[in-house]
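Hi,

Here is the structure I said I would pass on. Have a look at it first, and then read my notes below.

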Amino acid sequence: MKTGGLVDQHGRPLEQAAVQPYYQGAHRSRHRTPRLNTVADSRSTLSQAARQTLLGYARILYENYGEVKGAIDDVTRYSVGAGIKPQSQAGDVSGEYEQFFNEWAKTADLGGQFTFWGLQRLASLRLDVDGDIGFNMVTGQNDWPFLQPIEGHRIQGKRQDKTIFDGVSISPKTGRPSAYFVAQEKDSKRIPARNFILISDPKRVNQYRGVTSLAHAISDVWDISDILEYEKVGVKMRSAIGMVMVTKGGAMDDGLDIVQSGYAASDTGTVPWQTFDAGMIPRLDQGEDITDIGGNRPSPAFQGFIELLMRKTAVGLGLPFEFVWNPTDAGGATQRAILAKAQRKFNERGCLLDEKLNSRVWGWVISKGIKRGDLKHSPDWWKVRWQHPKKITVDVGREAKEAREDIKMGLKTLADDAGERGIDWLDIRSQTEAENVDLIQRAQRIADQTGIT
């Protein structure tokens with residue numbers, strides 16, 4: 001391509017200038033540390049060894065560092081809470097379906113440790129720490145359904161090829177998982193995909209395994225731990241040294257020349273200054289001095305540096321730093337913005353659990369109930385909505401008043417308002433109906449007793 005003799009700002013022909021990267025980010029410079037920029041599918045950048053290494057580090061960080069544990073626990077606490085409860089959309093049999101599911105939920109775990117609501121919390125927690133978690137759908141005696149939780153490190157396969165990668169068997173035609181392999185003592189057990197639920201939050205196409213949410217924070221949290229450990233040692237050393245005695249030539253003595261009578265080593269022990277009196281005046285020789293070692297550790301600048309590293313950790317988890325660490329400096333409007341942003345994260349997590357776990361388990365359990373004869377069949381048996389925990393707020397009174405006005409104006413339904421408060425609107429209607437019926441019956445009873453209409 002001819003450019004008609006045009007040149008760039010350096011006087012080079014444009015044909016030659018086009019060889020250089022147009023985007024600065026694509027230009028390698030000796031002023032920057034080289035970075036690996038492999039362009040490949042996720043299975044090439046996320047090997048089984050790399051995923052398990054990240055998983056192991058993330059578990060250590062979660063168990064040992066409060067800023068990490070607190071942030072991840074908050075995601076689970078506000079996303080799942082006491083449980084994400086079903087609201088059947090099957091018409092007249094909805095209540096029957098919900099009651100059956102809630103009773104099943106009490107014994108959902110094959111191992112007998114967790115209810116289904118506990119498994120929801122476990123799924124959210126392991127999703128952040130491990131990157132993914134599996135559930136084996138097991139049918140027990142009399143065709144009764146159970147869930148068997150499988151932690152991420154156990155989902156792995158010894159064989160790796162084009163169709164099996166990191167414990168996932170992939171269909172070569174569709175690219176869909178066809179089976180999962182769970183490690184046992186001697187070999188791996190193959191579980192068909194129709195009987196297995198893998199919960200992960202992939203960020204790339206054809207990413208079959210999840211990555212811990214702490215992958216971005218491992219280096220920073222580790223550095224924070226080391227820095228704080230060194231700083232604590234420095235503070236302890238300074239605190240252990242009360243004052244420094246400067247003598248001529250640095251010679252050691254027993255302190256007899258600078259203490260009052262009764263405070264010598266022979267009176268107080270091996271350390272001459274074990275007791276002080278107010279206003280005590282030591283006698284110093286020429287060239288001697290008593291100096292307070294002082295110190296300003298940790299300094300405000302150091303605390304700001306630590307908060308910077310912690311901010312990176314929180315933001316990478318999808319939470320505002322002020323929500324995780326210190327919201328006291330934020331004003332009312334800022335706090336509402338912080339809570340709104342955090343609530344988005346909790347909503348995303350809840351929707352992910354609905355998509356990957358809740359709705360599939362609902363369909364499986366209800367279908368088992370219908371097949372066993374415990375439930376009546378309905379053409380809408382599979383339809384369900386999920387009631388999430390109450391949303392967090394900084395001003396309950398103000399928002400409740402606004403909600404009442406929106407309901408009056410028809411801008412918000414009772415279902416919307418009840419959902420924001422973590423309540424099923426049908427429960428509200430049922431309770432209101434029961435209270436009104438009770439009131440009318442009591443009034444009728446009083447009227448019959450007194451003869452008053």
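The lining of the largest cavity splits into 7 nonpolar residues, 1 polar and 1 charged (Ala, Val, Leu, Ile, Met, Phe, Trp, Tyr, Cys and Pro count as nonpolar, Asp, Glu, Lys and Arg as charged, and the others, Gly among them, as polar). Those residues are Glu-67, Ala-71, Met-310, Thr-313, Ala-314, Leu-317, Phe-321, Val-324 and Trp-325. Helices here are DSSP runs of H or I with at least four residues, strands are runs of E with at least two, and both are numbered from the N terminus.

The volume of this cavity is about 60 Å³, and there are 3 cavities of 30 Å³ or more by the rule used. That rule works on a 1 Å grid over the protein atoms alone: a cavity is a set of points where a 1.4 Å probe fits but cannot get out, and lining residues have an atom within 4 Å of a point. Points are joined across faces, edges and corners, and the volume is the space filled by probe spheres set on them.

Before the rest, two notes on where the values come from. This is a predicted model, so local features need pLDDT of at least 70 and side-chain atom pairs count only at pLDDT 80 or more, while totals for chains, interfaces and linings use all residues. Residues are numbered from 1 along each chain as its sequence is written, and side-chain values use heavy atoms, with hydrogens and water left out.

Now the overall picture. The protein chain has 14 helices and 11 strands. Of its 453 residues, 34% are buried (buried means under 20% relative accessible area, exposed over 50%, partly exposed in between, with a 1.4 Å probe and protein chains only). Looking at contacts between residues at least 6 apart in sequence, 67% join residues at least 24 apart; a contact means heavy atoms within 4.5 Å.

Next, have a look at helix H11. Residues 332-372 form it, and a kink of about 50° is centred on Asp-354 (the bend at a residue is the angle between axes fitted to the seven residues ending there and the seven starting there). Lys-368 is also in H11. Lys-368 counts as buried because its relative accessibility is 13%. Leaving out residues up to four places away in sequence, Lys-368 touches Thr-139, Asp-143 and Pro-145. Just after H11 comes Gly-373, with a positive phi of about 90°.

Asn-142 sits in the loop between strands S2 (132-139) and S3 (145-151). Its phi is near 60°, a positive value in a residue other than glycine, and Asn-142 counts as exposed because its relative accessibility is 64%.

Is Pro-86 buried or exposed? Pro-86 is buried, with a relative accessible area of 6%, and it lies in strand S1 (residues 85-88). Beyond its neighbours within four places in sequence, its contacts include Glu-98, Trp-117, Trp-362 and Trp-386.

Two strands pair if DSSP finds at least two bridges between them; S4 and S5 (residues 168-170) have 2 bridges. In that pair, Ile-164 stands opposite Ser-169.

Cheers

Definitions and conventions. On a 1 Å grid over the protein atoms alone, a cavity is a set of points where a 1.4 Å probe fits but cannot get out, and a pocket is an open set with protein on both sides within 12 Å along at least five of seven lines; lining residues have an atom within 4 Å of a point.
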